[in-house]
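This report describes the fold of a single chain and the charged pairs within it. Please consult the sequence and the structure below while reading.

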Amino acid sequence: MEIAQGELETRVKREKISLAVALALSGKWEEASAVNEELLSFFPNEVETLNRLGKAYLEMARYPKAREAFGRALSVSPHNTIAKKNLERLAHLHGEGPAPTYSRKATPDLFIEES
């Protein structure tokens, strides 16, 4: 029975990840952030989920929340280049006047996961 439960969890996790990515690709950042938050409630140390959540917050101009998500990703994976680059980007945005505007849609290459 444990094997079946593990398989179910894996399948549900994959479906939620696919949904989060699809929502982001459609520019539905609020919904994407909600799905990623839900994933984190079950898998709090999922670096890819933290990076996706940070990206969603970045797109919604919720910079403190984005910084928090990317910071958590780095605390789990100190060499995570995605989180590092986004934190550098946030630092630059913070020191350079008004925040730039972002597109409503993301491209699939933004969701390449780090191994």
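The model is predicted. The chain holds five helices and zero strands, and its elements run α-α-α-α-α from the N terminus on. Of the 115 residues, 35% are buried. The chain exposes about 7200 Å², of which carbon and sulfur atoms supply 57%. Among contacts with a separation of 6 or more, 55% involve residues 24 or more positions apart.

Helix 3 comprises residues 47–59 and reaches 18 Å from its first C-alpha to its last, close to the 18 Å expected. This helix is mostly covered, with 12 of its 13 residues buried; R52, K55 and E59 are among them. Just after helix 3, A61 adopts a positive phi of about 60 degrees.

Five salt bridges are found in the whole structure. The table lists some of them.

| Salt bridge | Closest N and O atoms |
|---|---|
| E46 with K13 | 2.8 Å |
| K16 with E38 | 3.3 Å |
| E30 with R62 | 2.8 Å |

K16 in helix 1 and E38 in helix 2 form a pair that links parts of the chain 22 residues apart. K16 is partly exposed at 24% relative accessibility, as is E38 at 34%. E30 in helix 2 pairs with R62 in the loop between helix 3 and helix 4, 32 residues apart. E30 is partly exposed at 42% relative accessibility, and R62 is partly exposed at 33%.

How values were computed
Residues numbered from 1 in each chain as written. Predicted model: local features only at pLDDT ≥ 70, side-chain atom pairs only at ≥ 80, totals over all residues. Heavy atoms only, no water. Helix = DSSP H or I, 4+ residues; strand = E, 2+ residues; numbered from the N terminus. Expected span 1.5 Å × (residues − 1). Buried < 20%, exposed > 50% of the residue type's maximum accessible area, 1.4 Å probe, protein only. Contact = heavy atoms within 4.5 Å. Areas by Shrake-Rupley, 256 points an atom, 1.4 Å probe, with all protein chains shown as cover. Salt bridge = Lys/Arg side-chain N within 4 Å of Asp/Glu carboxyl O.
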